Amino acid sequence: MPALLILIPLLAILALNLPWKSLMNRLAFWVGLALCLVQTGLALQPQSRFWHSPSLWLGNLLLFEPSVDHLSLVMFLAIGIVGAVTLFVCRYSTACAGNRFMVINVLILALTGMNGVVLANDLFSLYVFLEITAVASYILIAFEKGRDAFEGAFKYLILSAVATVMILAALALLMLTAGDLSFAAIQAAIASSPHSRVVLAAIALLMVGLFIKGGLVPFHGWLPDAYSAAPAAASVLLAGIVTKTTGIYTLIRLVTSVIGYNDTLQTLLLFVGAASMLIGALAALGQSDFKRMLAYSSISQVGYMVLGLGAGTVLGMVGAIFHLFNHAIFKSLLFVNAAAVEQQSGTRDMNRMGGLAEKMPVTGWTSVVAFLSTAGIPPLAGFWSKLIIIVALWEAGYTTYAALAVLASLLTLAYFLSMQRRVFFGKLAAGFESLKEGNLWILVPACVLALITIGIGVGIPWLFETFMLPIRSLL
Amino acid sequence: MIEHLQAIFATSIIFIILLSVTALYCMLVSRNLIRILIGLELLIKAVTLLIALTGYLTGRMALAQTFIITLIVIEVVVIAIAAGIVIGAHRHNQSLDVRTLRNLKG
């Protein structure tokens, strides 16, 4: 009954907008949290009957029968965790209850859309759910009606709409060759005529569209603007999971189960991945806005995932998916910390900060865990996923790319050390004497995410056996 | 029959390509936010035509019709939100010029 993951959030939005306003205002947060936690709990039990039993009367409302494999489960887990964290951040940073109610509604809509993207097994539903997610995220970015927010949202909207048009054109061309839109039919059609011009044009359009959606170099222009202008909760959701679901997950899914690997595609993926990884890291070095730096770091980490995918081996793909999950955890944690710092100090300019760890110890130390994990320091989670990607590249014979990945990891460490020193360590900057640590709404998610990062790093053998290895059935 | 279909495909695809080039030119050249949205609309119209064409050529008109209706609905939602964003930007900048959206860089 995995279709319920789409239908229940939709019904929850309808129910929350019934006329009992004050009751619903209070209830919205808990309803959203319950949805996220139930989803997380279910995703942790791959054997559960929920995933395998056929749809009952409610599930039949969907016109497609969703299929679930381990890749989908990893995505559901990440979506559940990041969704719950976003709700906490929203509770912390949005003071007005009415606004919070609306944000939570749109947030549940975004969760619906992302669950749909993960469940979709034909291009038509994939397109519909991509658009639902995208629309929800435009609203979330522009929600606080600031000047920068409108600018970031407009750039995102235009580029994302152009990407959608490209995906649609690809879809029409694929329909022309296959006569149908289900993944299986299109895969068969591509396999029977891999070199026809229509198929090649369709694949090229599809790739460019997904690269724009995922914010890969050279199509990354919108990403730093949208992330840094968005309200705190929206940037956690966007950076943590939205662009990874709409861009990277879709890319992984389409490459593995529709298009299939070939040399040209692999070269393209490796090149784009390496370019994103290096350019993102180099651009992050020069930033002074906290959230903007994290956005560029996000581009760089997405580059790793695409690089792992481009290796074309099972190990590379396991690494890419594992890094996607880890990225959802540690990048959300960094954006949670950025939200706490921005809310408490009122600025995002790193040059004006300094020594904040003295006043905000929990935020400072969870940020250390997150950035060490991002930079790939053992034994934290990020180390293992980067290690798997680099080993996969090496084994597949792409030694140059493996060396570049190691180099980019050093760059990551460099810009995060600079960030940590400028923001949290050193002498307390002038004007921050009365700074206080944030309240429990922000500290709880920060600590939970830090514990997950450490836990994955330490418990890697168990995790690798139960969650990662089953992914190999995809290829 | 096959030649007939191929002829239809060739003429329609030229028209679709012309329409999308016009739309992209409109989006790239104009400095007015509303005009950019109009360019976007044109681009979506071109792709809608492409889907209708493939539906006709493959004989799956029903699939293409459901698809196009869904596409139109989604497109309206996106354009409504885009228009809202343009109105918001106009309130802040008192101008629809795209060059006013230059605050974020680096």
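1. In this predicted model, B:Q94 counts as exposed, because 9 C-beta neighbours lie inside 10 Å and the cut-off for exposure is 12 or fewer. B:Q94 is placed in the segment after α3 (61–93) of chain B. Its phi is near 55 degrees, a positive value in a residue other than glycine.

2. A second residue with positive phi is A:K145, a residue other than glycine whose phi is near 60 degrees. A:K145 belongs to the loop between α6 and α7 of chain A, and it counts as exposed with 11 C-beta neighbours inside 10 Å. Most residues other than glycine have a negative phi, and most peptide bonds are trans.

3. One joins A:V217 and A:P218, with omega about 5 degrees; A:P218 lies in the loop between α9 (197–214) and α10. Another joins A:P378 and A:P379, with omega about 0 degrees; A:P379 is found in the loop between α16 (361–375) and α17 (381–395).

4. Contacts between the chains involve 30 residues of chain A and 26 residues of chain B. On the side of chain A that touches chain B, the elements giving two or more residues are α6 (123–141), α7 and α10 (222–229). Helix α7(A) provides the largest share, 16 residues.

5. Leaving aside residues up to four places away in sequence, A:V336 touches A:V85, A:V89, A:V236, A:I442, A:P445, A:A446 and A:L449.

6. Helix α2 of chain A (residues 21–43) has 23 residues and should span 33 Å at 1.5 Å a residue; this agrees with its end C-alpha atoms, which are 33 Å apart. The helix bends by about 40 degrees at A:L27. Its buried residues are A:A28, A:G32, A:L35, A:C36, A:Q39 and A:A43, and they pack against α1 (4–16), α4 (70–93) and α5 (97–119) of chain A.

7. A:K359 sits in helix α15 (residues 356–359) of chain A. The residue is partly exposed, because 18 other C-beta atoms lie within 10 Å. Not counting residues up to four places away in sequence, A:K359 touches A:F432, A:L435, A:K436 and A:E437. A:K359 and A:R197 are 62 Å apart in space, C-alpha to C-alpha, and 162 residues apart in sequence.

How values were computed
Residues are numbered from 1 along each chain as its sequence is written. Chains are lettered from A and ligands numbered from 1 in the order in which they are written. This is a predicted model: local features need pLDDT of at least 70, side-chain atom pairs count only at pLDDT 80 or more; totals for chains, interfaces and linings use all residues. Two residues are in contact if their C-beta atoms, placed from the backbone, lie within 7 Å. Helices (H or I, at least four residues) and strands (E, at least two) are DSSP runs, numbered from the N terminus. The expected span of a helix is 1.5 Å times one less than its number of residues. The bend at a residue is the angle between axes fitted to the seven residues ending there and the seven starting there. A residue is buried if 20 or more other C-beta atoms lie within 10 Å of its own, exposed if 12 or fewer, and partly exposed in between; C-beta atoms are placed from the backbone.
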